[in-house]
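Please look over the sequence and the structure shown below before reading on. The report that follows begins with the whole chain and then turns to a few of its parts.

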Amino acid sequence: MPKYLITGCLGAMFCVFGGTTDPAQGRTLPASTDSTTAPTTVAASGLRGAEANPQYIADEVAAIVGNSHILLSDIERKTEEVLRDRRERGILTNRPARDEAFETLLLWKMLSEQARADSLDKELRGGLDEQVEHQVQQLIAEAGSVKALERKYRKEIFAIRDDLRREAEDQQLANIMQSNVMQKVEITYRDVAEFFAQLPVDSLEMVPEQYVYAQIVRFPPETEERKFEVRQKLLEYRQRILDGENLGALARLYSMDPITARSGGEWGPGNVNQLVYPIVEALETLRPGTVSEIIETEYGYHIVELISLRGELVHFRQILLKPTFTVEETEREMRLLDSLVREVGTDKEAFEQAVARYSMDKETNQNGGVVFNSMLAKQQFDAKYASPKFMKDALMPQDYIPLSRLKEGEVSAPYEAIDLATGSTVYKVVRLNKVIPSHHASLVEDYEIIADFALQNKQNIELEKWIKEAIAKMYVWIAPEYRELKLEHNWLKK
């Protein structure tokens, strides 16, 4: 059976040809969308070294989805990832890893192709180069050397790097497209009730023990001296950037934002409405490549460099610094909290009064300090999904440990924690308002949990419907030797 191979053509262009050795440039698709018909030619990037080293056969085309192709090396690499993931997560399945890997790649390609057709590629975020380089170094370490990796995938390191970047971009676009499909799904109380009614009684799992708690939070005092120190450091970094240093490199070294620091301070592209106003105001005054003055926000002190701003879509880099505090300043806040604990005791009303007077946490200081699990609410942009009930695994260890030592109505000793919204150090005490014992799920007690499962179920149904429709519309060709793999969707459209 003839193979469809990518091999060397003139220059850096590499081509596919079926059962022949004549190079062809460009890409020709048959007029029919019958997935059993092979395309005549497909152009792709490959090995520069193939001319000098003609025994290299760079790759085999296993499938084409829309304008993208899946290579044998893609399948091999993805199969290794599937096997590694199964080992790490302890997954047992009879499905061959190669079959799962191949269908995952087909889905990625289809989703990413549709994302490009819908112009969703504008939402691609930065950091791909760093991600790809990490993967390359991991593959080199596993193979033992660069040469060993090149032999394994039958191509040179630059081509492997190109393949990984293409794959990372496809995966990111696929995630954007999938999210775009699923975010359109809405759920009502009736949907939740019907979903729950359809569940067999003997399938209802036990809901783990849950906690309802409140807190008093104190932020360290931002003295003028500490603010001055931070501003001086940022002025120094800004001058170094103006003198020619790279903001991204300085962000990796010094920025105190754990999310953006890893990618050189890069944020976005994303919706400008997600940002606090002082950042937006500064970005709107900048030209691409220019750096702002110092910006003060609730998160600390920033300097930002604009990459691009198109409508509400913004892309920028930042360095964030926060004041650091002395032992004496920290102890002052801890003593205040300790005195409050002794003063309120187990009196709920006294605790709520202390919250209103002393707590600095904006999300809880107006509701008696009660903490809400807002993850689902943020996902759905709807506060009705927020719940004050926390299962053990939904609590941060910094909060679970003191809560686990309390009886209902008791207040913990003061402790240091990290504020999840800002990443800053805070000092707090927590009050255990209620413990809900482990029980069988019920619509009355566990509406938020059931609503989450019902939403996921409805989203999965909608995504499956979308996939079937997309397969029917999109050009898909699978090489004959891959058509016998056990795939969950009808890619061959028989």
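What percentage of the residues of the protein chain count as buried? In this predicted model, the protein chain has 494 residues, and 46% of them count as buried.

## The chain as a whole

The secondary structure of the protein chain is made up of 15 helices and 16 strands. Among contacts between residues at least 6 apart in sequence, 67% join residues that are at least 24 apart. The chain exposes about 26,500 Å², and carbon and sulfur atoms supply 51% of this area.

## Confidence in the model

The average pLDDT of the protein chain is 82, and 83% of the residues score at least 70. Among the elements of the chain, the lowest mean pLDDT, 30, belongs to strand S2 (residues 13–18), whereas helix H12 (residues 348–358) has the highest, 96. Over residues 1–56 the pLDDT is below 50, although this stretch has 124 contacts in the model beyond near neighbours in sequence. Where pLDDT is low, the predicted coordinates should not be read in detail.

## Helix H7

Helix H7 (224–242) has 19 residues and reaches 27 Å from its first C-alpha to its last, close to the 27 Å expected at 1.5 Å a residue. Its buried residues are Arg226, Val230, Leu234, Tyr237, Arg238 and Ile241. Seen down the axis of H7, these buried residues fall within an arc of 105°, so they line one face of the helix. On the other side of H7, Glu224, Glu225 and Phe228 are exposed. The cover over the buried residues of H7 includes helix H8 (247–254), strand S10 (300–310), strand S11 (313–321) and H11. After H7 comes Gly244, which has a positive phi, near 120°.

Leu234, found in helix H7, counts as buried because its relative accessibility is 0%. Not counting residues up to four places away in sequence, Leu234 touches Ile294, Tyr301, His302, Ile303, Ile319 and Leu321. The C-alpha atoms of Leu234 and Glu293 are separated by 9.1 Å, while these two residues are 59 residues apart along the chain.

## Helix H11

Helix H11 (residues 327–344) has 18 residues that should span 26 Å at 1.5 Å a residue, and this agrees with its end C-alpha atoms, which are 26 Å apart. The buried residues of H11 are Glu329, Thr330, Glu333, Leu337, Leu340, Val341 and Val344. Because these buried residues fall within an arc of 120° when seen down the axis of H11, they line one face of the helix. The face turned away from the buried side carries the exposed residues Val327, Glu328, Arg335, Arg342 and Glu343.

The buried residues of H11 pack against several elements, among them helix H7 (224–242), strand S7 (210–218) and strand S14 (425–436). Gly345 follows H11 and has a positive phi, near 55°.

## Helix H15 and Gln459

For the 27 residues of H15, the span should be 39 Å at 1.5 Å a residue, which agrees with the 39 Å between its end C-alpha atoms. The buried residues of H15 include Ile450, Leu455, Gln459, Trp466 and Ile471.

Gln459 lies in helix H15 (residues 447–473). Why does Gln459 count as buried? The relative accessibility of Gln459 is 12%, and buried means under 20%, so Gln459 counts as buried. The side chain of Gln459 reaches the backbone oxygen of Met182 at 3.3 Å.

Key
Residues numbered from 1 in each chain as written. Predicted model: local features only at pLDDT ≥ 70, side-chain atom pairs only at ≥ 80, totals over all residues. Heavy atoms only, no water. Helix = DSSP H or I, 4+ residues; strand = E, 2+ residues; numbered from the N terminus. Buried < 20%, exposed > 50% of the residue type's maximum accessible area, 1.4 Å probe, protein only. Polar contact = N/O pair within 3.5 Å; in protein donor to acceptor, adjacent residues only side chain to side chain. Contact = heavy atoms within 4.5 Å. Areas by Shrake-Rupley, 256 points an atom, 1.4 Å probe, with all protein chains shown as cover. pLDDT = per-residue confidence, 0-100. Expected span 1.5 Å × (residues − 1). Arc of directions from axis to C-beta.
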